[in-house]
Amino acid sequence: MSNRVSNFPTNQQPDVEPGEIGTLVAKMEQLRGMSKPKTDTEVAERVQWYFRWCIDNDCRPGVEMMALSLGVTRQTLLDWQRKGGRRGETITAAKQLLAALLEQWGVCGKLNPATLCFLMKNHFAYQDNVQIDVGRKEDDKPQSLDEIAARYGVTQQRIDTAGDTLPVADFADE
């Protein structure tokens, strides 16, 4: 049984007023009934129409709903975007608008931060990790022990142990 006040997302019901779900389903059904555009020009016109439709119907636009209005999947939108050309540029511009809207809703406190993070990562390739490359660059040459010692202000002493010469660092400041 679902619980509206539960902390478990799977137990939560959408917070909607009576009749709101039916209205939203009817709007989605209108989008689902549209044919898939065939040309790049038709795609651009449909995307423009979609945003106007969202304004007129007071619906928050999103990637999935935009795909629905185009008669394609979210993956197809991504494929078009990666392929480039006029169609790819249209999708990129539309997704940029959607990302900007989400950002504003998040900054203004209109969107749960977890929801904002999820949507930005899944629809707009955002990441919350940092990668640091500590490898050598191709033009860097290996440094000698003396160069390394000079960089860190240490002196080199050589100790002969059973015929092997081992470097030992003496720290001048210690």
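Helices H1 and H2 are roughly antiparallel to each other, a label that applies because the angle between them is over 145 degrees. This is a predicted model, in which local features need pLDDT of at least 70 and side-chain atom pairs count only at pLDDT 80 or more, while totals for chains, interfaces and linings use all residues. Residues are numbered from 1 along each chain as its sequence is written, and side-chain values use heavy atoms, with hydrogens and water left out.

**Overall layout**
- The protein chain has seven helices and two strands, where helices (H or I, at least four residues) and strands (E, at least two) are DSSP runs numbered from the N terminus.
- Read along the sequence, these elements follow the pattern α-α-α-α-α-α-α-β-β.
- Of the 174 residues of the protein chain, 22% count as buried, which is to say under 20% relative accessible area, with a 1.4 Å probe and protein chains only.

**H1 against H2**
- Helix H1 (residues 20-32) packs against H2 at an angle of about 160 degrees, and their axes are 13 Å apart; axes are lines fitted to C-alpha atoms, for helices over the stretch in contact, and angles run from 0 to 180 degrees between N-to-C directions.
- The contact (heavy atoms within 4.5 Å) is made by Lys27, Met28, Gln30 and Leu31 of H1 together with Trp49, Tyr50, Trp53 and Asn57 of H2.
- By class, the residues of this contact of H1 with H2 divide into five nonpolar, two polar and one charged, where Ala, Val, Leu, Ile, Met, Phe, Trp, Tyr, Cys and Pro count as nonpolar, Asp, Glu, Lys and Arg as charged, and the others, Gly among them, as polar.

**H2 against H3**
- The axes of H2 and H3 come within 10 Å and cross at roughly 125 degrees, and that makes H2 oblique to H3.
- Val43, Arg46, Val47, Tyr50, Phe51, Trp53 and Cys54 in H2 meet Met65, Met66, Ser69 and Leu70 in H3, a contact with nine nonpolar, one polar and one charged residues.

- Val47 touches Met66, Leu70, Thr90, Ile91 and Ala94, not counting residues up to four places away in sequence.

Definitions and conventions
Angles under 35 degrees count as roughly parallel, over 145 as roughly antiparallel, 65 to 115 as roughly perpendicular and the rest as oblique. Buried means under 20% relative accessible area, exposed over 50%, partly exposed in between (1.4 Å probe, protein chains only).
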